[in-house]
Amino acid sequence: MEQLNNEVRPQQRRKHITPWAWVPSLYFAEGIPYVTVMTITVIMYKKLGISNADIAFYTGWLYLPWVIKPIWSPIVDLFKSKRWWIIVMQSVIAIAFAGIAFSIPVPYFFQITLAFAWLLAFSSATHDIAADGFYMLGLSEADQSRFVGIRSTFYRAATVFGQGLLVILAGLIEKRTGDIKFSWVVTFAVLAVFFLIFAFYHGKLLPVPAKDESREERRTFKQLMQEFFGTFVSFFKKKGILPAMLFLLTFRLPEAFVVKMINPFLLDPVEVGGLGLATAQVGLVYGTYGIIGLTLGGILGGLAVSKGGLKKWLWPMLGSLIIPCLVYVYLAYAQPTSMAIISFCIVLDQFGYGFGFTAYMLFMMYFSQGKSQTAHYAICTGFMALSMMLPGMVAGYIQEAMGYLNFFWFVISTSLFAVVGTLLIKVDPKYGVAEDESK
């Protein structure tokens with residue numbers, strides 16, 4: 001069998017497989033589990049009667065695999081190929097989706113589905129490590145640059161598919177059958193089938209790069225550990241590390257509190273301070289219109305920084321994260337019934353978030369410059385996940401204690417921490433400016 005494998009692999013390597021056959025599908029598959037863990041589970045638990053406090057706390061913990069993702073990335077590098085990890089993780093993700101689907105109708109569904117959600121989160125984070133590594137191994141440097149926009153587009157499309165179309169599907173089934181549990185069983189069963197197809201498809205269509213399969217080029221466990229601990233030490237020795245950590249943990253603080261409560265707020269009845277939207281309406285307003293606004297904001301943010309640089313746009317982008325949060329104060333106070341007004345407010349908030357988040361992403365790239373840039377950037381993404389995890393875990397308790405209107409005022413007050421974090425960092429005025437603009 002080993003001889004057969006050795007004979008087949010060179011043939012696979014010689015066969016050119018166009019990146020269009022696997023880059024879009026790989027990053028579409030990367031986005032779906034993440035949006036499921038972070039958003040779809042929140043909507044599902046809300047519809048199944050779980051309290052806001054429990055939803056925020058327990059789903060907030062699901063950020064943890066992305067927080068500690070850099071810790072087990074050496075394992076993916078040391079054992080097997082990135083290609084192997086991708087296919088296996090997509091299969092495990094399918095099992096996790098199926099486990100959630102079959103657990104929804106049973107007693108103690110909350111505990112059981114959370115256990116499968118943990119499996120889903122760890123599998124998804126591991127898949128991210130393998131997919132991003134494979135992207136660099138499977139493409140030339142020119143193709144890596146050429147397809148970076150394609151991968152981002154399809155990752156964003158997965159967000160629309162998850163937060164939008166799947167939630168709309170659950171809502172339509174709920175409306176037609178009147179059975180909330182059944183609507184989510186079908187939704188997660190669909191996801192399970194999707195990932196079985198992804199695993200089979202990528203098993204056939206992913207290329208077999210020589211660097212990914214070559215065992216002799218792999219480092220020993222001792223070498224990996226030395227490199228791993230070395231990168232952490234060098235990261236925390238960087239100049240300006242404390243202001244940078246404060247910035248990474250606070251810049252998105254208002255949005256970190258809001259994001260866990262948006263869907264419960266939209267779904268809760270008017271009598272308890274919510275807007276009383278149906279499941280399908282939430283999928284359309286937040287999961288579709290909102291994502292379009294988020295994408296447009298991100299595009300405009302990138303264009304703005306390329307003209308003026310990160311330093312020039314840092315404060316306007318912080319403002320674009322904070323000020324749009326006021327729309328939730330308005331929505332909680334006025335409780336409008338017009339879908340046009342609600343949609344406009346959600347799009348405005350998400351557009352501002354997309355525009356402002358550009359500064360956060362670029363600062364991570366800026367701070368990671370130098371030796372071990374890739375590893376240092378991965379550590380920054382761990383802080384990014386932590387900045388969303390900790391506020392999200394307590395958001396439900398705060399909201400239940402204060403009510404929606406006071407909660408959203410509280411969110412605005414937390415922007416003071418973001419202002420302090422932004423004041424303390426230093427950025428090269430030329431960083432981010434397009435080359436022809438900087439001359």
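1. Is His127 buried or exposed? His127 is buried, because its relative accessible area is 2%, where buried means under 20% relative accessible area, exposed means over 50% and partly exposed lies in between, with a 1.4 Å probe and protein chains only. The residue sits in helix α7, and, leaving aside residues up to four places away in sequence, His127 touches Leu26, Ala29, Glu30, Ile86, Met89, Gln90 and Ile93, a contact being heavy atoms within 4.5 Å.

2. On the basis of the note: this is a predicted model, in which local features need pLDDT of at least 70 and side-chain atom pairs count only at pLDDT 80 or more, whereas totals for chains, interfaces and linings use all residues. Residues are numbered from 1 along each chain as its sequence is written, and side-chain values use heavy atoms, with hydrogens and water left out.

3. The protein chain holds 21 helices and zero strands, both taken as DSSP runs numbered from the N terminus (helices H or I, at least four residues; strands E, at least two). The radius of gyration of the protein chain is 22 Å, close to the 22 Å that the globule rule gives for 439 residues, so the chain is as compact as a globular protein of that length; the radius is taken over C-alpha atoms, and the rule is 2.2 Å times the number of residues to the power 0.38. Along the principal axes, the C-alpha atoms fill a box of roughly 70 × 55 × 35 Å.

4. Of the 439 residues in the protein chain, 54% are buried. Among contacts with a separation of 6 or more, 84% are between residues 24 or more positions apart.

5. Helix α13 (residues 253-267) has a kink of about 40° at Met261, shortly before the proline Pro264, the bend being the angle between axes fitted to the seven residues ending there and the seven starting there. This helix is mostly covered, with 14 of its 15 residues buried.

6. Tyr108 has a positive phi of about 60° although it is not a glycine; Tyr108 lies in the loop between α6 (82-103) and α7 (109-138), and it counts as exposed at 63% relative accessibility. Gln335, also not a glycine, has a positive phi of about 45°; Gln335 lies in the loop between α16 (326-334) and α17 (339-367) and is partly exposed, with a relative accessible area of 23%.
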